[in-house]
Amino acid sequence: MNALYRDYFSQLSATLRRMYGDGPPDPEDVAQEAFKRVVARGDLGAIKNLKAFIWSTARNIVFKSHRTHETRSKYDFEVEEVLFPLSTDKLTPERVILAREQLRAINDLLGRMPENRRRALLLHRVEGLSISEVSRRMGLSYAAVYEHIKRGAADIALWLLENETAGSE
């Protein structure tokens, strides 16, 4: 398997990059994950065409990532609608005060998050970096950064939901 990894990893990464772009997900991360999954499967002797099996595994990882990204995009849109309602809404002093209170509370919530979660969320959402760029900057895998961002956004969305419910009672 080591020889196959040495010989096929670069080719697999290049093919993924050519077919699906630079990411997300990052082609090298996908290739690495594909090899990892195939090795973890065990009993490689039962696989007739190991290269084809690794390629199929990598392709499935890309497809799953794209499906997850689409789902996340829909979720992000809903969160943005809560945080940044349409500008046609009437801006009242009460809404300004409420927004300031929410921002203060979200800032406090960010301060209580684990460092990597907070940093990944801010780099992605505030600075506008892609998950791949955040991954490179933080020295973490794409999957780890994605998970940090997902959990951070979920923490904020849960807080907003709980406080919206509490405020309407």
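The second largest pocket has a volume of about 480 Å³. Here a pocket is an open set of points on a 1 Å grid over the protein atoms alone, with protein on both sides within 12 Å along at least five of seven lines, while a cavity is a set of points where a 1.4 Å probe fits but cannot get out. Keep in mind that this is a predicted model, where local features need pLDDT of at least 70, side-chain atom pairs count only at pLDDT 80 or more, and totals for chains, interfaces and linings use all residues. Residues are numbered from 1 along each chain as its sequence is written, and side-chain values use heavy atoms, with hydrogens and water left out.

**Pocket lining**

- The second largest pocket is lined by 16 residues, a lining residue being one with an atom within 4 Å of a grid point.
- Nearest the centre of that pocket are Arg37, Ile61, Ser65, Tyr142 and Ala143.
- Helices α2, α3 (50-83) and α7 each put at least two residues into the lining of this pocket, and α2 gives the most, with six.
- As for the volume, grid points are joined across faces, edges and corners, and the space counted is what probe spheres set on the points fill.

**Overall fold**

- The chain has seven helices and zero strands, so you read α-α-α-α-α-α-α along the sequence; helices (H or I, at least four residues) and strands (E, at least two) are DSSP runs, numbered from the N terminus.
- Buried residues make up 31% of the 169 residues in the chain, where buried means under 20% relative accessible area, exposed over 50% and partly exposed in between (1.4 Å probe, protein chains only).
- Of the chain's contacts with a separation of 6 or more, 61% join residues 24 or more positions apart; a contact is heavy atoms within 4.5 Å.

**Nonpolar cores**

- The largest nonpolar core has 18 residues, and Leu121, Val134 and Ile156 have the most contacts inside it.
- A core of this kind is a set of buried Ala, Val, Leu, Ile, Met, Phe, Trp, Tyr and Cys residues joined through side-chain atoms within 4.5 Å.
- Leaving aside neighbours within four places in sequence, Ile156 is in contact with Ile106, Leu109, Leu110, Met113 and Leu121.
- There's also a second, separate core of 15 residues, with Leu12, Ile54, Trp55 and Ala58 among them.

**Arg118**

- Arg118 lies in helix α5, and its side chain reaches the backbone oxygen of Gly111 at 3.4 Å.
- That's a polar contact: a pair of N or O atoms within 3.5 Å where, within protein, one must be able to donate a hydrogen and the other to accept it, and residues adjacent in sequence count only if both atoms are side-chain atoms.
- Not counting residues up to four places away in sequence, Arg118 touches Leu110, Gly111 and Met113.

**Aromatic pairs**

- Searching the whole structure turns up five aromatic pairs; rings of Phe, Tyr and Trp (its six-membered ring) pair if their centres lie within 6.5 Å, and planes under 30 degrees apart count as stacked, over 60 as edge-to-face and the rest as tilted.
- Tyr5 and Phe35 make an edge-to-face pair, at 4.9 Å centre to centre and 75° between the planes.
- This pair links distant parts of the chain, 30 residues apart: Tyr5 is in helix α1 (residues 2-20) and Phe35 in helix α2 (residues 27-41).
- Tyr5 counts as partly exposed because its relative accessibility is 28%, whereas Phe35, at 4%, counts as buried.
- Ring pairs link Tyr5, Tyr8, Phe9 and Phe35 into a cluster.

**Cavity**

- The structure holds one cavity of 30 Å³ or more, and about 40 Å³ of space lies in the largest cavity.
- Its lining consists of Leu16, Tyr20, Gly21, Gly23, Pro24, Pro25, Pro27, Val62 and His66, with α1 and α3 the elements that give two or more residues.

**Two more residues**

- Asp43 sits in the loop between α2 and α3 and has phi near 45°, a positive value in a residue other than glycine.
- Asp43 counts as exposed because its relative accessibility is 59%.
- Phe63 lies in helix α3 and, at 35% relative accessibility, counts as partly exposed.
- The C-alpha atoms of Phe63 and Pro25 are separated by 9.7 Å, with the two residues 38 apart along the chain.
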